[in-house]
Amino acid sequence: MYKFPAFSGFNNQLMEKGKVSFIDRSKPVIEIKNLKKSFGDYEVLRGIDLEVYQSENVVVLGRSGTGKSVLIKIISGLLAPDSGTVTVLGQDVNSLNPKELEQLRLKIGFSFQNSALYDSMTVRGNLEFPLVRNQRHLSKAEVNEQVESVLDAVGLSQTINQMPSELSGGQRKRIGIARTLILKPEIMLYDEPTAGLDPITCLEINHLINEVQQRYQTSSIIITHDLTCAKATGDRVAMLLDGKFMRTGTFEEVFNTDDERVKTFYTYNFIQ
Ligand SMILES: Nc1ncnc2c1ncn2[C@@H]1O[C@H](COP(=O)(O)OP(=O)(O)O)[C@@H](O)[C@H]1O
Ligand SMILES: [Mg+2]
């Protein structure tokens with residue numbers, strides 16, 4: 001039986017030393033070429049190129065309304081692009097039939113902006129839900145074991161019988177991530193994972209994102225305008241401006257520029 005490694009807590013070595021990533025650049029898991037998407041007259045994405053490699057965290061930065069959520073909806077096949085190609089785990093997302101798309105989606109974990117847990121279910125119920133639905137062959141004991149294991153992985157074993165309304169914002173976010181991890185995704189898509197959380201909780205979430213990457217070798221796209229989160233989690237950062245990635249590189253590379261628009265973004269979003 002697969003065991004989720006334990007969440008090593010907030011004040012561990014990784015936190016102090018910064019993160020160490022083992023990215024396999026011979027294996028792109030997401031490849032996007034010349035992707036375009038408009039809504040009516042509004043060209044949201046105007047030619048996006050991006051590769052995400054095995055075990056890499058790529059942060060997509062950009063102001064509100066620049067098309068970040070649209071981008072990850074296209075990657076997961078929830079929205080169709082107007083043109084361009086999106087290849088995920090070797091498959092062209094837009095040529096898949098519904099059954100194939102469903103299979104592919106099981107390998108992609110989402111952490112949505114308002115990671116909606118089912119309010120009427122306990123934490124246990126919320127975590128069982130994706131397993132019972134997608135892995136019908138599991139016995140009750142196996143489901144229990146996986147639920148307990150993934151809760152341990154996000155450091156929230158004690159909340160198993162609580163209702164979502166009894167949890168803090170940060171705990172809800174972590175349970176949302178656990179609910180996604182329980183299907184052992186190869187790719188994680190985080191949409192504004194730290195939005196609306198207090199600074200300490202943000203650090204915990206950044207840390208959890210890095211732990212997920214390092215323990216499960218997942219590849220992730222992290223959408224955010226929180227530069228502390230971008231700096232802490234991103235092996236590479238891509239800055240979306242006017243429908244294109246205008247700068248891509250390490251956090252330092254992206255912000256080491258005289259471009260006024262990048263400098264303004266930095267000034268208004270970097271609150272340490
Ligand atoms: N389904 C849709 N229909 C029409 N317009 C949309 C749709 N989804 C997103 N948009 C528009 O596309 C733009 C980018 O949206 P979004 O990707 O959500 O931005 P953000 O970068 O804040 O995540 C916004 O102007 C939004 O109104
Ligand atoms: Mg968004």
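**Burial, contacts and cores in a predicted model**

Q: What makes Val 123, Asn 126, Leu 127 and Glu 128 of helix 4 count as buried or exposed?
A: In this predicted model, these four residues of helix 4 (residues 123-134) come out as buried. The label asks for 20 or more other C-beta atoms within 10 Å of a residue's own, so each of the four passes that cut-off.

Q: What covers the buried residues of helix 4?
A: The cover includes helix 5 (140-153) and helix 6 (169-181).

Q: How do you know that strand 6 and strand 7 are paired?
A: Pairing takes at least two bridges. Strand 6 (residues 108-111) and strand 7 (residues 187-191) have 4 bridges, running in the parallel sense, so they qualify. In one of these pairings, Ile 108 has Ile 187 of strand 7 as its bridge partner.

Q: Which way do the residues of strand 6 point?
A: Ile 108 and Phe 110 go one way, Gly 109 and Ser 111 go the other, and all of them are buried.

Q: Why is the shell around ligand 1 said to have 6 polar residues?
A: Ligand 1 is surrounded by Phe 39, Val 44, Gly 62, Ser 64, Gly 65, Thr 66, Gly 67, Lys 68, Ser 69 and Val 70. Gly counts as polar here, so Gly 62, Gly 65 and Gly 67 sit in that class along with Ser 64, Thr 66 and Ser 69. The rest of the tally is 3 nonpolar and 1 charged. Helix 2 (residues 68-75) gives the most to this shell, with 3 residues.

Q: What makes domain 1 and domain 2 touch?
A: A contact needs C-beta atoms within 7 Å. By that test, 11 residues of domain 1 meet 10 residues of domain 2. Helix 7 (residues 199-216) supplies the largest share of the domain 1 side, 5 residues. That side has 8 nonpolar, 2 polar and 1 charged residues. The domain centres, taken over C-alpha atoms, are 25 Å apart.

Q: Which residues touch the most other members of the largest nonpolar core?
A: Out of 58 residues, they are Val 60, Ile 75, Val 150, Ala 178, Leu 189, Ile 221 and Ala 238. Helix 7 brings the largest share of this core, 5 residues. Domain 1 (12-107 + 185-270) and domain 2 (121-183) each give at least three residues to this core.

Q: Which residues does Ile 75 touch, leaving out those up to four places away in sequence?
A: Ile 75 touches Ile 30, Val 86, Val 88 and Leu 189.

Technical notes: Residues numbered from 1 in each chain as written. Chains lettered and ligands numbered in written order. Predicted model: local features only at pLDDT ≥ 70, side-chain atom pairs only at ≥ 80, totals over all residues. Near = placed C-beta within 6 Å. Helix = DSSP H or I, 4+ residues; strand = E, 2+ residues; numbered from the N terminus. Domains from an automatic or database assignment. Contact = placed C-beta atoms within 7 Å. Buried ≥ 20, exposed ≤ 12 C-beta atoms within 10 Å, placed from the backbone. Core = buried A, V, L, I, M, F, W, Y, C linked by C-beta atoms within 7 Å.
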